[in-house]
Amino acid sequence: YRNEYRDVVWVRAQPNILTGELARLAVELQLIPEPTQFQTKDAMLALQELNGATPRLLVFDNAVDEESVNDWIPMRGGCRTIITSRYTGWSAVVKVVTVEVLSPEPAREFILRRSGLEDNEANCKGAERLSGELGFLPLALEQAAAFMKKLHVDCKQYLNLYAHSRRDLLAQRSLGGTQYPDSVVTTWRTTVRNLGALAQAILRQSAYLSDDDVLFEILKAAFDLLQMGAMELNELETADAVECSPINFHLAIGELTDFSMIVIQKDAFGMHRLVQALEQDEGDEFARRIYLGRAATATSRVFPVFPEYDNRVKVTATTILAFAKRNQLTVETGEKLLNEIKATTLACENKAHAKILATKRLRLAHALRALIDLEMKLVEHQSASSRAIAKWLSGSSPITKKDGTNPLPWAKPRRRSDEKED
């Protein structure tokens with residue numbers, strides 16, 4: 001559709017810079033020679049031009065919500081508007097198109113083509129691993145590939161850099177082929193800053209539990225911990241400012257869902273692995289140790305109470321332990337925490353093993369009962385058969401069922417005259 005428009009104009013739609021961005025368009029569209037001191041007036045001039053008959057495409061990028069851009073959308077003329085956003089609660093007048101992450105094969109092909117790497121077996125495997133590590137997110141893949149091309153490194157070398165300097169790499173601003181001005185970190189942080197205090201705390205704490213199976217029951221067992229996290233993240237002095245009650249918890253979950261930060265499942269939710277990575281990278285070692293300790297505490301609260309979640313709680317505890325090891329917590333700061341997580345994991349394993357043994361015993365008991373019942377039936381049938389044959393041999397009566405029918409037609413009443421023949 002590129003040829004259908006005379007101009008394609010791109011505007012960053014964050015509320016604090018939106019007016020300035022539209023004022024910039026007044027210069028780019030040659031409506032004024034240079035910016036004036038009246039920024040809003042310049043922006044209105046640009047909007048007036050966009051409402052004209054000239055066919056244009058306007059892109060509002062990374063909008064917070066509908067209200068923040070509604071006053072600046074051209075409503076007549078030849079301009080068409082695309083709004084990119086993580087927000088999902090749009091009104092009926094906005095046609096919503098969901099953009100998912102890439103599938104593995106297109107992601108691999110994109111990295112190879114964009115980075116200029118040769119299409120061979122080693123590079124294909126490296127591209128598959130890299131795209132998976134970045135969660136198949138198009139922006140992350142684009143900027144990673146642009147970085148690789150610029151520094152002449154392959155996927156394996158980039159992954160090594162990523163393992164040691166993930167936060168710095170995700171903060172890199174590589175324009176690439178899309179000329180997108182913001183880094184992955186900046187893009188995600190724009191959304192997180194618009195979340196409420198409790199929603200931010202839930203997101204941060206969940207990043208230390210899992211990326212694809214955060215059990216609601218674990219978070220519900222941690223209302224006090226989530227409230228402390230909300231106060232710390234927003235530098236609040238009183239708990240009254242951010243009470244973590246059941247209703248506020250559900251409202252915060254709804255907020256995270258509205259901004260596409262989490263995906264709700266039946267009894268849990270998942271988040272993109274880069275959201276998890278960015279949340280984990282915030283703060284220093286002390287902060288990470290605090291959140292790991294709270295994750296272990298919440299997990300241990302759920303384990304003995306909800307046996308139906310035993311296996312999933314074990315996975316969560318193992319994830320916490322793996323993160324602690326990966327971040328190389330020192331003995332002085334992390335020994336108590338690691339022991340607590342190990343104890344939780346071991347308790348889960350012991351309980352799961354006991355559960356398996358109990359199931360096997362139950363199945364064995366059922367099998368033995370079935371064998372006993374079968375043996376009793378065999379004895380009963382054997383006795384009945386013996387009595388029937390004895391009667392037949394004596395010639396007193398034929399073999400018959402209770403209903404009077406003869407199950408053995410050949411077994412007729414015997415006569416004395418038949419004995420010699422027999």
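## Ground rules

Residue numbers start from 1 along each chain as its sequence is written, and side-chain values use heavy atoms, with hydrogens and water left out. Because the model is predicted, local features need pLDDT of at least 70 and side-chain atom pairs count only at pLDDT 80 or more, while totals for chains, interfaces and linings use all residues.

## Cysteines

Let's start with disulfides, meaning pairs of cysteine sulfur atoms within 2.5 Å. Searching the whole structure turns up zero of them. For C155, the nearest cysteine sulfur belongs to C124 and is 9.2 Å away.

C155 is buried, with a relative accessible area of 1%. C79 is buried too, at 5%. (Buried is under 20% relative accessible area, exposed over 50%, and partly exposed in between, using a 1.4 Å probe and protein chains only.)

Strands here are DSSP E runs of at least two residues, and helices are H or I runs of at least four, numbered from the N terminus. Two strands pair if DSSP finds at least two bridges between them.

Two bridges link β4 to β6 (residues 268–270), and V214 sits opposite F269 in β6.

## Helix α14

Helix α14 covers residues 285–302. Buried residues in α14 include R288, Y291, L292 and V302.

How values were computed. Expected span 1.5 Å × (residues − 1).
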